[in-house]
Amino acid sequence: MHVQEWLETVPAVSIYALVGLVIGLESLGIPLPGEIILVSSALLASQHGDINPVVLGACATAGAIIGDSIGYAIGRKGGRPLLTWLGAKFPRHFSEGHVATAERSFEKWGMWAVFFGRFIALLRIFAGPLAGVLRMPYWKFLIANVLGGVIWAGGTTAVIYYVGVVAESWLKRFSWLGLVAAVLIGLASMLIMKRKAKRMTAEKEAEGATPDPVTP
């Protein structure tokens with residue numbers, strides 16, 4: 001069943017909870033389609049008066065901020081062993097190359113890596129835990145986390161909702177295109193991150209393969 005068709009059968013309160021939960025778990029570090037659920041729910045809100053877009057945006061924002069904060073706490077407590085464990089359990093998402101790419105982003109951008117990471121599919125699952133592992137000062141993390149959550153979750157909800165209202169006559173078609181666009185954006189960002197991760201992995205393997213100089 002189409003995501004939006006399924007959402008139409010769910011009560012408004014359940015949709016608020018679903019959006020907050022999925023985005024929260026994704027922000028915590030679990031790979032879930034938070035962006036697709038948010039886009040679908042915002043489009044549905046533009047069709048049905050029972051779903052309040054303000055409440056929807058607030059739930060999405062709260063899920064993003066709370067999820068990232070829990071991820072930060074877990075990362076700070078677990079440290080490097082946590083990343084090693086995640087890499088062994090989920091090599092597709094937490095490979096050494098992915099972690100190295102995310103770390104490089106943090107070293108270069110600091111707290112802004114948390115903010116901009118909110119807009120990149122793969123970095124969304126890294127931002128909170130990695131900020132904790134790297135022991136970023138919590139006040140810096142919190143500022144970037146709140147700003148990113150509000151602008152990404154609230155902004156996405158508002159834009160999709162108002163576009164849906166304006167384009168009501170061809171909303172069904174737009175809904176399909178909107179979901180496809182969300183998936184393509186997510187896949188594109190993931191492919192970019194995978195390419196960077198592969199490059200980092202290759203560099204690390206090359207460094208490890210370099211023989212130590214022989215001491216006379």
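A residue counts as buried when its relative accessible area is under 20%, as exposed when that value is over 50%, and as partly exposed in between. Keep that scale in mind for this predicted model. Phe 141 has a relative accessible area of 0%, so Phe 141 is buried.

Now take the whole protein. It has 216 residues, and 46% of them count as buried. It holds nine helices and zero strands. Read from the N terminus, the order of elements is α-α-α-α-α-α-α-α-α. Consider the contacts whose separation is 6 or more: 81% of them join residues 24 or more positions apart. The accessible surface comes to about 11600 Å². Carbon and sulfur atoms make up 68% of that surface.

Next, go inside. The largest nonpolar core has 22 residues. Ile 15, Val 19, Ile 23, Leu 38, Ile 51, Leu 56 and Ala 60 have the most contacts within it. Four helices each supply at least two residues of this core: helix 2 (12–28), helix 3 (34–47), helix 4 and helix 8 (138–166). Helix 3 gives the largest share, seven residues.

Neighbours within four places in sequence are set aside here. Ile 51 is then in contact with Ala 12, Ile 15, Tyr 16, Leu 44 and Ala 45. A second, separate core has 11 residues. Tyr 72, Val 114, Phe 115 and Phe 141 are included in it.

Aromatic rings come next. The structure holds eight aromatic pairs. One of them joins Phe 115 and Phe 116. Their ring centres are 5.1 Å apart. Their planes stand at 85°, over the 60 degrees that marks the class, so the pair is edge-to-face. Phe 116 has 46%, so it is partly exposed. Phe 115 and Phe 116 also belong to one aromatic cluster with Trp 112 and Phe 119.

Tyr 138 and Phe 141 form another aromatic pair, and this one is tilted. The distance is 6.0 Å centre to centre, with 35° between the planes. Both residues lie in helix 8, three residues apart, about one turn of the helix. An α-helix has 3.6 residues a turn, so residues three or four places apart point the same way. Their cover can be read from the scale above. Tyr 138 has a relative accessible area of 37%, so Tyr 138 is partly exposed. Phe 141, at 0%, is buried.

What does Ser 69 touch beyond its neighbours within four places in sequence? Ser 69 is in contact with Tyr 138, Phe 141 and Asn 145. Ser 69 lies in helix 4 (residues 53–89). Its relative accessible area is 18%, under the 20% limit, so Ser 69 is buried.

Notes: Residues numbered from 1 in each chain as written. Predicted model: local features only at pLDDT ≥ 70, side-chain atom pairs only at ≥ 80, totals over all residues. Heavy atoms only, no water. Buried < 20%, exposed > 50% of the residue type's maximum accessible area, 1.4 Å probe, protein only. Contact = heavy atoms within 4.5 Å. Areas by Shrake-Rupley, 256 points an atom, 1.4 Å probe, with all protein chains shown as cover. Core = buried A, V, L, I, M, F, W, Y, C linked by side-chain atoms within 4.5 Å. Phe/Tyr/Trp six-rings, centres within 6.5 Å; stacked < 30°, edge-to-face > 60°.
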